[in-house]
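Hi everyone, thanks for coming.

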Amino acid sequence: MTQSAFLRPSELVKPGDTHSILTVTALKFGTVNEAFEEGKRAYAVQKYDDAVKHYTCALEALQTDLSSVIYVHRAAAYEMQSKYDLAAADGQEANPHNNAVCPDPYFAQANALYLNDQMHDAEIVFQRGAELVPKTFPQQNMLAVKYAQVSALKNNQNQHLSQLLPYEVLSRILSQLSIMDRAHLGMTCRFWNDYMFRKWPHMWHTVNLQKDFPGMGIDFVAETYLEAIDGTQVRELHLEFPDPDFDPYVDMYEGDNFDEVESEQEDWGEPILDVMDHEWSGVESLTMKHHDKSTFKKISKIIKNSIKTMTLNNSDRHSNYGVDILRAAQTFSNLQTVTNYLAGQYSSPIIDYLKDTAQLSNLKLTSLYLPQQLAAIDQICQYAPALTSLTINSSGVKDYSNVLESVHNFCPALETLNYNPKANQPLCATHTQPSPTVRGLVSLTIRPSTIYSEKNVNPQLASMFQKANKTLRTLSLHLDMLENGQFHALDILAQSGAPHLQTLILEASKTCSIGSQQLLHLLLACPSLVDISLKGLNFWHDSIFERLANLTQLRRISIGWLSRDPKAPAPAPGQDGLITGQQFELFFKHAQTVYDFTYSRPGYIQTPTTDFILQLMAAVSSSNIRTLNLFSTRLTKETLTRSLEYLKHSKIRTLKICVACALGDDEVKAFASMRCLTHLIVHDADNHIKKNHIYNLLHEWQRPQMLLVDIRREGNRKYIKALKADAALRDNYKTTFPSQTIDTR
């Protein structure tokens with residue numbers, strides 16, 4: 001028995017009730033015959049207009065009166081078969097315009113809806129019948145009584161639901177609804193209106209105008225939904241308006257006080273302001289995009305005493321706009337963070353911005369993203385002594401040595417320096433209340449978009465390492481930035497020690513000449529490493545693998561560009577450039593804590609020999625590796641088949657490989673024999689894999705755990721996806737798969 005059937009009293013409506021109260025139980029052709037005969041007589045005396053009128057009346061009577069009677073009787077029969085959907089449909093057909101004065105169609109439709117657990121719809125039909133059926137019908141009073149009973153029952157049912165389910169469970173279910181759906185539910189009846197708008201304090205915690213009400217006009221959203229929301233509960237508000245045509249040179253503030261703004265443009269934020277004016281005074285986080293000055297001023301007044309975090313994005317504003325915002329923010333008693341996206345404001349304007357904001361008392365610049373080349377990087381750092389996070393787009397800012405020297409000299413509180421090639425994003429400045437304690441540099445990433453080494457950054461890096469060796473947690477460097485053959489900065493870090501370093505990423509081109517002894521000394525100085533990625537040539541020795549195996553906290557390791565190109569020059573004297581399968585055997589024999597391993601090779605290095613790959617697979621098969629990534633290493637048919645033989649008894653659950661062949665019966669059976677495999681991700685290098693290969697694999701897969709297959713082609717733009725799992729496991733995936741299905745795109 002369903003929960004709704006359990007809550008629905010059976011005596012209110014029972015199968016057979018519709019037939020027992022039908023008022024018309026026989027077909028009457030008298031009206032049709034009478035109109036038809038009148039039409040014939042009119043035709044005989046050449047009154048053709050009257051003839052057409054009488055014939056039309058006969059047709060209408062035939063199509064309405066008679067069909068309605070048949071529909072409601074068939075609905076009664078469907079009702080006895082428990083085919084309530086069909087019964088409700090026939091009841092609707094008997095009254096297509098919802099204006100019948102006969103009670104039969106209303107009973108037929110409403111009874112079927114009620115028995116089908118569509119209580120709200122049944123209530124509406126009973127109500128309409130009670131209003132339209134004349135009181136000359138005895139059934140009119142029955143319709144009114146049924147309407148009152150169903151209304152009361154629906155309210156009781158909702159109360160039962162809230163009693164049967166704990167508050168936490170019901171809240172979790174309702175939290176999956178969008179803001180718009182929550183508002184709709186709150187408008188269905190008194191119970192849900194009271195529950196959604198009054199009894200659930202966290203219902204309206206976050207309101208996102210674009211996400212929650214996509215494609216709707218501001219006026220409609222404000223009047224229909226926002227007015228119904230309990231504004232006192234809103235804590236996080238996201239407002240994105242259409243970008244208006246405004247005058248960017250009208251001052252919004254004067255000193256620390258709001259100044260009235262006169263503008264001829266339409267105040268398109270007015271509908272929002274009307275809703276917020278009285279109740280929305282508890283907003284703690286505000287995000288606004290494309291707002292006009294008047295709207296921001298008025299909203300700020302409403303949330304002045306509650307706002308803690310503010311994010312503003314106005315790409316077309318003049319250079320003083322962000323400064324004006326921060327000046328006004330001085331009057332906000334609880335404001336802790338202001339983030340300004342200042343697109344188009346570079347070089348001199350950003351210096352002026354920093355000069356002005358440096359005088360603010362409670363908020364200091366703590367985070368900055370620089371997207372383009374700035375000649376005055378040293379001045380920027382001078383005006384940002386509280387800076388804790390600096391992100392620089394290395395595609396646009398390439399003066400590495402000057403950047404490192406400036407942040408070292410002028411930014412003592414800096415914790416994160418991220419020097420990465422990034423997409424072109426607006427300049428972003430975040431002001432917060434600075435922390436009274438200084439942690440030191442925690443994360444350093446320097447990865448240029450292209451090799452650019454006009455200046456050697458060894459001295460600057462060495463100074464930073466000497467100061468931050470005890471605090472550094474993450475270090476990611478491209479070694480080609482250092483002067484070839486001179487890695488003094490890394491030697492300094494090795495001598496000073498980095499006891500808390502957890503992530504180490506070192507990458508170089510094929511000309512890198514760092515020695516294995518230098519790398520070994522660095523690894524010995526970093527006992528807490530958890531994640532290591534090493535890419536380059538000519539710095540490998542057995543001692544490196546021994547040290548890696550002895551790192552007791554190591555969990556993930558990525559090794560790339562390790563085999564020497566036969567056409568490349570031999571390693572320089574004193575350097576160890578070759579890597580062998582025996583070294584992997586040495587590493588995996590002792591590295592019991594590593595569960596994620598990646599081996600990669602670039603396109604300019606030839607395909608590895610079968611013996612090398614098989615030695616690697618043999619070493620992995622006896623290890624604790626759960627994830628094996630060979631996505632950039634092409635495997636031929638012979639190498640793939642023999643490799644999978646090694647892996648079938650391994651602990652690998654996720655396998656990422658690159659194949660240059662079709663999947664024949666041998667390969668399919670080899671994949672299916674891997675006892676722990678759950679995720680197979682294949683780079684189909686030459687587009688050999690077809691859907692029938694995946695069908696064969698799913699057919700061969702007889703293990704209890706699921707198998708998710710992902711075949712990728714042509715730079716991951718095309719793929720084949722497949723899943724084989726029981727129903728319980730499929731429910732854990734947002735994408736719904738049948739028990740054995742393939743999705744291709």
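So, which helices each supply at least two residues of the negative patch? They're helix 13 (218-226) and helix 14 (270-279). Quick housekeeping: this is a predicted model, where local features need pLDDT of at least 70, side-chain atom pairs count only at pLDDT 80 or more, and totals for chains, interfaces and linings use all residues. Residues are numbered from 1 along each chain as its sequence is written, and side-chain values use heavy atoms, leaving out hydrogens and water.

By helix I mean a DSSP run of H or I with at least four residues, numbered from the N terminus. The patch itself is made of Asp219, Glu223, Glu227, Asp274 and Asp277.

Take Asp277, which sits in helix 14. Asp277 has a relative accessible area of 45%, so it's partly exposed; that label lies between buried, under 20%, and exposed, over 50%, using a 1.4 Å probe and protein chains only.

Now to the inside. A nonpolar core is a set of buried Ala, Val, Leu, Ile, Met, Phe, Trp, Tyr and Cys residues joined through side-chain atoms within 4.5 Å. The largest one has 160 residues, and Leu226, Phe584 and Leu655 touch the most other members. Helix 25 (residues 610-621) gives the most to this core, six residues. There's also a second, separate core of 29 residues, including Tyr78 and Ala94.

Notes:
Patch = residues over 30% accessible without salt bridge, like charges linked within 9 Å, V, L, I, M, F, W, Y side chains within 5 Å. Areas by Shrake-Rupley, 256 points an atom, 1.4 Å probe, with all protein chains shown as cover. Salt bridge = Lys/Arg side-chain N within 4 Å of Asp/Glu carboxyl O. Lys, Arg positive; Asp, Glu negative; His and termini not counted. Charge placed at Lys NZ, Arg CZ, Asp CG, Glu CD.
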